[in-house]
Amino acid sequence: MAFDWDVIWRNKYLFLGGLSVTLKLFVLALAGGLPLGIILGLGSLSSRRWLYYPTRAYVNFIRNIPLILVVFWVYFSLPLISGRSLGPFTSAVVAFVIFEATYFCEIIRAGFQSVSKGQIQSAYSTGLTYFQMVRYVLIPIAIRRVIPSLLTQGIVILQDTSLAYVIGLREFVRTAAIVDSREVRPLELYSFVAIVFLVLCLVGSLVVRWLEARDRQRV
Amino acid sequence: MNKQDTAKGSEPMVQIKNLSKWYGDFQVLYNINAQINEGDCVVICGPSGSGKSTLLRCVNGLEDFREGDVIVEGVSVKETSHNRGIYKLRSKIGMVFQHFELYPHLTALQNITLAPRKVSKVPGQETEKIAMELLERVGIPEQARKHPGEMSGGQQQRVAIARALAMKPDILLFDEPTSALDPEMIRDVLEVMVDLAKEGITMLVVTHEMGFARAVASGIIFMDEGKIVEQGDVESFFKNPASERAKDFVDRVLVHI
């Protein structure tokens, strides 16, 4: 049995297309999940009950069900209620943001709680409002402290994008499956997909390691 | 407690009236009454757990209290705590903390300019100029672009003082500013504080540094277990404390001077 790596080269545009869908989904999931996670984190620390209880209910519920259920629900069930279908890509983005925000919430909340009361008081003592303190002091300090955990979650999200396969999204893994159905070279095709994911995650780790080193004095 | 004989005439800077505070069921401040006039440098001393830091934090609304009130420049802290007025009030009261509490992700300069830029909306270039002047004033202009993690405790505390001064406060609160410093650095920070006192800035200082108190304080408040045991003139407190408790404290403290 010979390796036919050419099968990848022959279908390079398809793969580039699939990869770009994966990366777009990843970036949007982050772009939506992180800010929402920060808001949920703040809500989880609020002394106002009308903020705290709904936030915790939502976070705890989502964290106890599998991502695939959220994906299905957004793709199949939501259109039944709203009357409109979102399509695989948008459904995937919405599902990922809803889901991943709760994981970011727990990570960032730990970061918030690690910021000392004295730090927050010193910010207030100069006349900063709550929102200014949160924006210029609490969030920057907390995020820097939880960068390793955020990275891990980012890697998980990148790999989880392959789950959107099940609603027919033409992301990277599905592209390999499509090519495979035609060319029947599963070994080369899925090895290739694995190697690409490996490289992407490694590069991500290196970037974050660089960020951590730069921030060592600033945490 | 007037520093100068010529009274300023108008009302005192800070009036603490019948202030009592509880943490749940546990009372930590008992009916505190005190008055600080403009230009005063009042030292608050006493054993640990006497409520000194808590009292200080009631003055700028960082801690709430159930009974009594603090009037700062005519403004009731109790009333403004419930609305945005507390932010404005705090911008007129500077505070220096025991553990410096500088923002670790910002340089010294950025630490100092944050509040003037965001609260007073002073443009960036001007705040930088003011900040550099303040760093010169506290003796460490070369630290401007360094982060707190790269500075010694004494340097950090002086940046913290500059940060408090940046908002041009009418009153400065100090919460045991030298307690977390190595002995060699205590002098650097105390020198800055002595200069500030001599310039006539109104100061309320919680400290164990009795040498500082004797040098520049215009009045002293001795607290124990949440109550003011004695308050008044500095020299008479040290030479002739009225209560047993104060006598005991002074004896122990003066051994170290």
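Phe172(A), Val173(A), Ala176(A), Val179(A) and Asp180(A) of helix α9(A) meet Pro186(A), Leu189(A), Tyr190(A) and Val193(A) of helix α10(A). Contact here requires C-beta atoms, placed from the backbone, to lie within 7 Å. By class, this contact has eight nonpolar, no polar and one charged residues. Ala, Val, Leu, Ile, Met, Phe, Trp, Tyr, Cys and Pro count as nonpolar; Asp, Glu, Lys and Arg as charged; the others, Gly among them, as polar.

This is a predicted model, in which local features need pLDDT of at least 70, side-chain atom pairs count only at pLDDT 80 or more, and totals for chains, interfaces and linings use all residues. Residues are numbered from 1 along each chain as its sequence is written, while chains are lettered from A and ligands numbered from 1 in the order in which they are written.

Helices (H or I, at least four residues) and strands (E, at least two) are DSSP runs, numbered from the N terminus. Axes are lines fitted to C-alpha atoms, for helices over the stretch in contact, and angles run from 0 to 180 degrees between N-to-C directions.

| Helix pair | Angle | Axes apart |
|---|---|---|
| α3(A) (residues 49-63) and α5(A) (residues 87-114) | about 110° | 9 Å |
| α9(A) (residues 172-183) and α10(A) (residues 186-214) | about 170° | 10 Å |

The angle of about 170° makes α9(A) roughly antiparallel (over 145 degrees) to α10(A). Their crossing is right-handed, that is, the near helix is turned clockwise from the far one by less than a right angle.

The angle of about 110° makes α3(A) roughly perpendicular (65 to 115 degrees) to α5(A). From α3(A) come Val59(A), Ile62(A) and Arg63(A); from α5(A) come Ile98(A), Phe99(A), Thr102(A), Tyr103(A) and Cys105(A). This contact has six nonpolar, one polar and one charged residues.

Chain B holds an open sheet of four strands in the order β2-β1-β4-β5, with antiparallel pairing. Strands pair if DSSP finds at least two bridges between them. β2(B) and β5(B) (75-76) stand at the edges, each with a single partner strand, so one side of each lacks a neighbour in the sheet.

Seven bridges join β1(B) (residues 14-23) to β2(B) (residues 26-36). Leu19(B) has Ile32(B) as its bridge partner. Lys21(B) stands opposite Leu29(B). The two strands form a hairpin with two residues between them, and Gly24(B) in the turn has a positive phi of about 65°.

β1(B) also pairs with β4(B) (residues 67-72) over five bridges, in the antiparallel sense. There, Gln15(B) stands opposite Ile71(B).

Methods. Parallel < 35°, antiparallel > 145°, perpendicular 65-115°, else oblique. Contact = placed C-beta atoms within 7 Å.
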